[in-house]
Amino acid sequence: MISENLKKIKSQLPPQVKLVAVSKFHPAVAIQEAYDAGQRVFGESRPQELAEKAKSLPGDIEWHFIGHLQRNKVKLVLPYASLVESVDSVELLDAIEKWCAGEGRTVEVLIECHIAREPEKTGFSLDEALKLLTGQLSWPHIHIRGLMGMATNTEDENIIREDFTKLTTLNAALQPLRGLCPNIPSDFNLLSFGMSGDYRIAVEMGSNIVRIGTAIFGEREY
């Protein structure tokens, strides 16, 4: 079933859209099945779970960390994550920079923006993200590649579109500044939004990374 789900979803995605198979809470055997079906990019949201899976699964998997990352857990995530999609505070940027400087490494990240109507969701406000990205404070070992956001958990398509528009509007404002600001490099071109319930809308609105879990793996097993 996993392979069939993947085939169906990939057939609906334009070639420029990267599919992140959200494997959090699903066992390694399910990830291996998706891998055997050709999927190479997976998303995890718990540091310990990511570290354990990365050690036991094929080494060419591209891991994305997509959950709230506590500063004291960066050491569990950064050795394995190709992209940290969920950078939601200056304090987390500082913690990532400190770890990377100590290891002599650079990490790619996305800035998570709070676009949903649920106040409990994390992320920079749009104003905060704009000030951060256009400001002069920088982190030499962090390569900011773009923006990430999550829409309100609702079936109301109008609300979803309004949420996504907030992110695409900010992205459009930032694109002319690529290469001109320390935190907006020339390859600041990733826009991650859209999940199992709204990825079709997201792709229509310009997302080039979608994070899909339930539609691939089914309901969580633990």
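Modeller: Four nonpolar, three polar and two charged residues make up the lining of the largest cavity. The model is predicted, so local features need pLDDT of at least 70 and side-chain atom pairs pLDDT 80 or more, while totals for chains, interfaces and linings use all residues. Residues are numbered from 1 along each chain as its sequence is written, and side-chain values use heavy atoms, leaving out hydrogens and water.

Biologist: What makes a residue of that lining nonpolar, polar or charged?

Modeller: Ala, Val, Leu, Ile, Met, Phe, Trp, Tyr, Cys and Pro count as nonpolar, Asp, Glu, Lys and Arg as charged, and the others, Gly among them, as polar. The lining consists of Glu112, Cys113, His114, Ile115, Ala116, Lys121, Thr122, Gly149 and Met150. Glu112 and Lys121 line the cavity, and therefore count as charged.

Biologist: What makes this space a cavity?

Modeller: On a 1 Å grid over the protein atoms alone, a 1.4 Å probe fits at its points but cannot get out, and lining residues have an atom within 4 Å of a point. Its volume, the space filled by probe spheres set on points joined across faces, edges and corners, is about 30 Å³. The count is one cavity of 30 Å³ or more.

Biologist: Why is Thr152 called buried?

Modeller: Buried means under 20% relative accessible area (1.4 Å probe, protein chains only), exposed over 50%, and partly exposed in between. Thr152 has 10% relative accessibility, so it counts as buried. Thr152 sits in the loop between strand S6 (142-149) and helix H7 (157-174); helices (H or I, at least four residues) and strands (E, at least two) are DSSP runs numbered from the N terminus.

Biologist: Which residues touch the most other members of the largest nonpolar core?

Modeller: Phe42, Val84, Ile96, Ile111, Leu147 and Ile216 do, out of 63 residues. A nonpolar core joins buried Ala, Val, Leu, Ile, Met, Phe, Trp, Tyr and Cys residues through side-chain atoms within 4.5 Å. Helix H5 (residues 90-103) gives the largest share, six residues.

Notes:
On a 1 Å grid over the protein atoms alone, a cavity is a set of points where a 1.4 Å probe fits but cannot get out, and a pocket is an open set with protein on both sides within 12 Å along at least five of seven lines; lining residues have an atom within 4 Å of a point.
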